[in-house]
Every structure is written in structure tokens, then in C-alpha cells.
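Work through the exercises below with the structure in view. Try each task before you read its solution.

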Amino acid sequence: GDEFFQAFEAADLRGALVIPGDVAVSGMLDRLTAIFRGGITNPFNLISSGFEAFCAAIGVGTSQEGFNRGTSRGWGISVPGVLAADAAGRGKPLLRAVLVGLLVAGPLSFLPYDDIPAPTELVLGRPATDEDNSFLLFTLVVDGALALLLAGITLSAFLVSFIQERDEHMATQLLDSVALLERLREAPEVSEKPLWCRWLKQSRAVSYPAPPEPQANGAPGTAKAVDVETRFVSPRWLPVRPRPAPTELGRSEEATFRQRPGALPLLTVRRPLASGQLRRLSFFEPRFLNMMDTLVAAGAIVPGLELAVVHAALGADRPTSLGQGTLPGGGSSMMVEVDAVLDGPGRIVQVEKMWEAVGKDGRRRWRLEVRGTDECFSVHDCDLASDELGVLWATDRDPSPPGNGEAGRSSSSKSPRRLRCVAVVGLLHVNGVVKGLVENMANGTLSD
């Protein structure tokens, strides 16, 4: 954990985009269940796959040639060798756990068991005969074999779902992120480029004053030392502005986005929304509940209420100023910093239904059904801002003239250096991620 957080701080200090690349816990549990069920019908095939996944993860039985494909090269590790390195420094937590287990189990072996009847005598209520003992031995052998088989299925399902498939997902996530950031850095037309945005939003756990205005260097509060020669792209820190006046909300006018007099709430979605496509939204965060309350108080009705959505290809939330009591400007240490790469045009959506509800967790919710319209707009041509609670609002503005030095523009013309990426994973995932990257590079997915 300490090393992971140090890697995060180093990347953040360097101005890098930090991407959580792991599988969602719910997805891993679903896969674990599905693989376990399949292993019941074909146990030996699953146990074989689990054994191969284990050997590959710890680096046993895998030659260095297994990480090389054509001109692509990769270097794996031997987990036992790593644990033994540095005077077994990395293996000490494991050794401590084994020692504690022995200390707990050792005294149990000295407990008196002489007065406890034999198991067969407890079951039969009489002394056991030779036939009883033979039957008991047969039963123990069968039960033990079934228990070992079930344990093998369970362990193999865990190794395949939590190790092998996670490695494949993380390698794919890294390659997709690299491809997206290459577009962010090198696309010739601004309108075709993704947009990396960063803003502050309200935590669901703590209320706090309005976030401080970003300073001239783009970061709220304090400056960060950044190596400008290796910082190819940088996020656009969105300004914090008061929420638009109620008279500018909830309007339904037959006008294009450019002709609308007021601001529209801009929602980031994980999957692009096509024209005519219907999607359900559920708002439970305080910022969105407050937004909907404001819209309804301003007279918003359906049909007629319009919102804007944009696909966020990458996104990450993280608390700001961990370990500090307050932020400069009086903010709480539980304020959340949002990183999002907006990919593709924004789309106007019509709200067809909206209603208040209560979720299974007992929290209040706003539920909406929205349908995509034919009207799209470029996020580069919008004036994007965050309100005091962290909701994005978009208003139209004239496109920026070329060469104005807008944040997030490509600097590849000044520096041809390659885009570098670092994946921080646990020891059992190193070999799988390296092998996945090498195989994709050999297939042409990644050029270098």
C-alpha cells in the first residue's frame, strides 16, 4: 500500500493521468461464480487452468522466451526470488503470518484428548467393530477426495478470475488508455481530440465550503513542480462558478445549442448515447440531487426538460490532500478531485420521465429516462464550468482561434518523445500484465 501510494504521488507530481485499471469488485465476483459453476461440470479442466495460471503468476515453468514475440520484448519476474531478495524484506509479512499461525496452532496439540470418545463410538453408541472401522475409513477417503476436489475447483476458480482474467483486463485497459492519450496529444484537429478535464466535487460523506478558485498554475491551493519537458498534455482545470440563476434553468426552446440563452447541466456517461437511444439515469449523489431540486424549483417539467451528456472514456475520483485537516481556502480534506477524459461530441438529451424514489440503501434518489436527440456539440467549443457542488455546466462560446495555447493541446510538435506509461500492480500480476502487453504489441495493437 505504501509503495502504491508513493507511485501515485510521483505520477501526480509529474502531471500524469492516473487511471484505475482494475476490474470492478462486482465483476470479479460474478466471474468467480460463473467459473466455479463451470468447474463443477468439468473440474479437471478448470484445475489444470488454475495450475497454469498459478505457475505463470509466480514465474515457475515460464521461460524468458514466453515473454518475447517477434521484435517485442518483455521481462518477467520470479515471485519466490523477489520475496527472498533484499534479505527477504518483501517476504517478512508472509513469514510473520506463518509464525503467528504456528504459535496459535502449536499449543492446541498439547490439549488433553484422552477422555474424548472415538467418533464411531459417538455415532453408534457402542464400541466400533472392524467392519465399522473399515466403513469409516472408506467414508473418510471418499469425503477427503471430494473435499480436495472441491478445494481445487474453488482455488482454481479464484486463480483464473482474480489473477489471470484481471491481468488480461489490466493489459487491455492500459493499451486503450495509451491509444486515447495518443489521440489527446497528437490529433491534428481540436474538434476531434478528447478533452482532459479536472474539477472538484462534493464528497458524499462531508459537507464543506465552496472549492477555492484555481490559481494561475492551474492547481487549487498550492503549486506543483512539474517537468514541462515530459508533460505532453495537461488537464483543463474547470473554473468554479455559482450555479446559473433559476430563470435560466428548465427552458424548453426550439433552438440549437448555440442559440440557447442559459447553461445546460453536462453529465458524463460511461457509454456513448446515440440519437434516439433511451437510457435510465439514477442520481443519488448530493450534487445531482441538489441540481434536480433546483431544476424542479425553477419550473422544469417533462416533456421539455433538456440536459447534455458526453462520453467519459476515462475517469477517476480521489480525495484531495490526504492526511491533512483542511485545504487552503477552508475546504475539507474529504473534497473529491475528479479526472475525466471527455471523448467525442456532447449530445442534447430530452428528459421523458423523472420521478423521486428511495433506493435499497434507504437513500433518496432522482430517476430519469432520457432520449438522445440529433443535436450534438463540441466540448472544445463550450464554456465548461463546475458549480459549488461539482456539477458541470456547459454554455456555448465562440471556438478558440488556433494557436492560443489552450490547456490540453498537443505539444508533440515541440517534442517527439514517446508517450510513457507505468502500470503499478501487485507481484502476482506482473508476469500476466507484461505478457499481455507483449502479445498485443506483437499483434500490432501497440507500436512500441
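**Exercises on ring pairs and a helix**

The model is predicted: local features need pLDDT of at least 70, side-chain atom pairs count only at pLDDT 80 or more, and totals for chains, interfaces and linings use all residues. Residues are numbered from 1 along each chain as its sequence is written, and side-chain values use heavy atoms, with hydrogens and water left out.

**Exercise 1.** Classify Phe 158 by its relative accessibility: buried, partly exposed or exposed?

*Solution.* Recall the cut-offs: buried is under 20% relative accessible area, exposed is over 50%, and partly exposed is in between (1.4 Å probe, protein chains only). Phe 158 has 37%, so Phe 158 is partly exposed. Phe 162, at 15%, is buried.

**Exercise 2.** Find how the rings of Phe 158 and Phe 162 are arranged.

*Solution.* Start with the rule: rings of Phe, Tyr and Trp (its six-membered ring) pair if their centres lie within 6.5 Å; planes under 30 degrees apart are stacked, over 60 edge-to-face, the rest tilted. The count is 3 aromatic pairs. The centres of Phe 158 and Phe 162 are 4.9 Å apart and the planes at 20°, so this pair is stacked. Now place the two residues: both lie in helix α7 (residues 130-186), 4 residues apart, about one turn of the helix. Next, take Phe 283 and Phe 288: their pair is also stacked, with 5.1 Å between centres and 25° between planes. Both Phe 283 and Phe 288 are buried.

**Exercise 3.** Where do the buried residues of α2 fall, seen down its axis?

*Solution.* List the buried residues of α2: Met 28, Ile 35 and Gly 39. They fall within an arc of 45° (taken from the directions from the helix axis to the C-beta atoms), so they line one face of the helix. Check the other side of α2: Asp 30, Arg 37 and Thr 41 are exposed.
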